Every structure is written in structure tokens, then in C-alpha cells.
Amino acid sequence: MIGKNCNISQGVTIGKINQGNKIGAPIIGNNVYIAPGAKIIGGIHIGDNVAIGANAVVVTDVPDNVTVGGIPAKIISKMDHQIISTIQIINFPQ
């Protein structure tokens, strides 16, 4: 499942796993940016207001309001609450 207002760049893989403890496909929250070449694999949850860096490999849950990057992906920054409030005020066209 992919949430509202997501930006999925070229070369992104959103993949399902059929065995192990992360069986299933990812659930991606609202307002998520996925940079080129990123891989999101398994039954994990990507929170709201998340940015995933280029070529990152995401194999664990990602909380709301963070930026992740690397192989495997790790939190590299957290969003300020003032920025989040501004994002929520913007009226995106449906």
C-alpha cells in the first residue's frame, strides 16, 4: 500500500519477501519521497513525512518525520516540528 502525496523516483524497487520474519510487502505512509535507486524490501512500514535517500536499502521499519539513507538504511536526520506543521497546512491538490 502506498499513501497519499508520495514521490517515487526512477529505478526504485518496492519488493515483497516470501520467507523469514519480514514476510510481505512494504506499507508506505503519506508524504514520502523515495529518491532514485532506493530499495524498500519486505513487510515493513515506512512512516509519514519520510525522505529515503538515493540508493538506500530499507529493510526495517522507518518512523514518521525522518530522513533515512545508506545500506542498510539508517536515520540520518529528524524533521523539526515547525516544518511538519507547515507541511500539514499546505493543501495539496487531490
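Reply: In this predicted model, five strands make up an open sheet of mixed pairing, and their order is β1-β4-β7-β9-β10. The edge positions belong to β1 (7-8) and β10 (74-78); each has a single partner strand, so one side of each is left without a neighbour in the sheet.

Strand β7 (residues 51-52) and strand β9 (residues 66-69) run parallel, and two bridges join them. Ala-51 takes part in this pairing, with Thr-67 in β9 as its bridge partner.

The loop between β6 (45-46) and β7 contains Asn-49. Is this residue buried or exposed? Asn-49 has a relative accessibility of 6%; because buried means under 20% relative accessible area, Asn-49 counts as buried. The side chain of Asn-49 also takes part in a polar contact of 3.2 Å, in which the partner is the side chain of Asn-31.

We may now turn to the surface. Here a nonpolar patch is formed by Ile-2, Ile-8 and Ile-14, which together have about 240 Å² of accessible area. One of these residues, Ile-2, lies in the segment before β1. The relative accessibility of Ile-2 is 46%, so this residue counts as partly exposed. The category applies because it covers values between the limit of under 20% for buried and that of over 50% for exposed.

Key. Residues numbered from 1 in each chain as written. Predicted model: local features only at pLDDT ≥ 70, side-chain atom pairs only at ≥ 80, totals over all residues. Heavy atoms only, no water. Pairing = 2+ DSSP bridges. Helix = DSSP H or I, 4+ residues; strand = E, 2+ residues; numbered from the N terminus. Buried < 20%, exposed > 50% of the residue type's maximum accessible area, 1.4 Å probe, protein only. Polar contact = N/O pair within 3.5 Å; in protein donor to acceptor, adjacent residues only side chain to side chain. Patch = residues over 30% accessible without salt bridge, like charges linked within 9 Å, V, L, I, M, F, W, Y side chains within 5 Å. Areas by Shrake-Rupley, 256 points an atom, 1.4 Å probe, with all protein chains shown as cover. Salt bridge = Lys/Arg side-chain N within 4 Å of Asp/Glu carboxyl O.
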